[in-house]
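Dear colleague,

Please find the structure below, handed over for your review. My notes on it follow.

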Amino acid sequence: GMEVHFWDMTPAAVPVSLTRDYSVTEGILPLKRVVKVPESQLALRWCSKYKVLFSASRAGALNYWSVERMEITKTQPKVHEEAILDLLIVDQEVVTASLDSTIKIMNLERNVCTGVLKGHGQGVCTLAFSKQHQFLLSAGFEYEPLVWVLHIKDFHPWRLVDKQRPHHGTILGLYTVPDTPQVITADNQGMVKVWDIRTFQAVQTIIPWQQMNTTCRHARSNLFSAVTYIDSTDSIILSGPRSTFVYKYQQTSNHDCVGDAPVVTVLYNTVTRVIISVHKKSIKI
């Protein structure tokens with residue numbers, strides 16, 4: 001059967017030994033409890049406001065967990081007709097995304113479904129919410145993320161489209177950068193795009209297979225299976241069976257091209273096609 005494991009992460013319970021080069025040799029978390037569940041749980045999300053852990057199942061059910069008691073306290077069956085792949089807490093609502101191509105909004109105070117978002121033609125894999133701009137974003141097996149305004153009846157979503165360098169694979173990751181208008185998307189072929197949610201335009205595209213050898217480039221279909229964005233370190237991590245890439249967000253790979261002072265002026269030579277930037281104490285070409 002399927003299981004959910006609860007682990008003890010209190011500092012006293014985690015034995016960690018460091019070698020001279022600071023590599024971890026021990027650090028196995030103690031297992032506190034194993035709970036058997038009838039079907040696979042595909043998504044987990046903690047709600048600090050209500051002190052509830054939510055899990056979503058392959059059968060389309062939504063489970064409410066008490067972390068203190070380490071057990072399910074309530075189950076809402078058949079929230080979706082197919083598997084729920086992601087869920088998100090927005091204020092007093094939980095938003096779920098499913099393989100049935102719909103997104104549903106459940107009110108936690110009233111325990112009722114307050115909205116069903118229909119706009120995807122295929123399954124929805126991932127969700128994100130921009131607090132700054134109050135947009136819900138969703139993506140999945142289609143190659144274009146959708147942007148929603150919640151609680152507007154029959155709202156037709158906007159699409160994030162980049163005709164020059166579009167996504168060519170399932171979008172696995174969708175993240176909003178806190179306190180900025182940036183949105184990050186990443187697909188299973190490794191392409192990462194940074195969008196400006198104010199204009200719905202792509203501002204940067206990262207193509208990791210340009211850095212790979214010829215063998216990897218020829219086999220880049222479903223090259224990556226997991227992606228995450230770490231806010232505390234401004235890092236984007238792509239991982240798959242063959243390789244893992246770590247990108248430092250808002251950090252250049254060529255430090256020689258970075259100005260140490262504000263730019264005073266920029267000139268462009270149309271004959272030599274050279275850009276010259278003038279700084280307080282330097283000139284860069």
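Which residues does Phe54 touch, not counting residues up to four places away in sequence? They are Ala43, Leu44, Arg45, Cys47, Leu62, Asn63, Tyr64, Leu87, Ile89 and Leu108, where contact means heavy atoms within 4.5 Å.

This is a predicted model, in which local features need pLDDT of at least 70 and side-chain atom pairs count only at pLDDT 80 or more, while totals for chains, interfaces and linings use all residues. Residues are numbered from 1 along each chain as its sequence is written, and side-chain values use heavy atoms, with hydrogens and water left out.

Phe54 lies in strand S6 (residues 52-57); strands are DSSP runs of E with at least two residues, numbered from the N terminus. Phe54 has a relative accessible area of 1% and is therefore buried (buried is under 20%, exposed over 50%, partly exposed in between, with a 1.4 Å probe and protein chains only).

His167 sits in the loop between strand S16 (158-159) and strand S17 (171-176). Its relative accessibility is 3%, so His167 also counts as buried.

Leu31, in strand S4 (residues 31-37), is partly exposed, because its relative accessibility is 43%.

Yours sincerely

Notes: Helix = DSSP H or I, 4+ residues; strand = E, 2+ residues; numbered from the N terminus.
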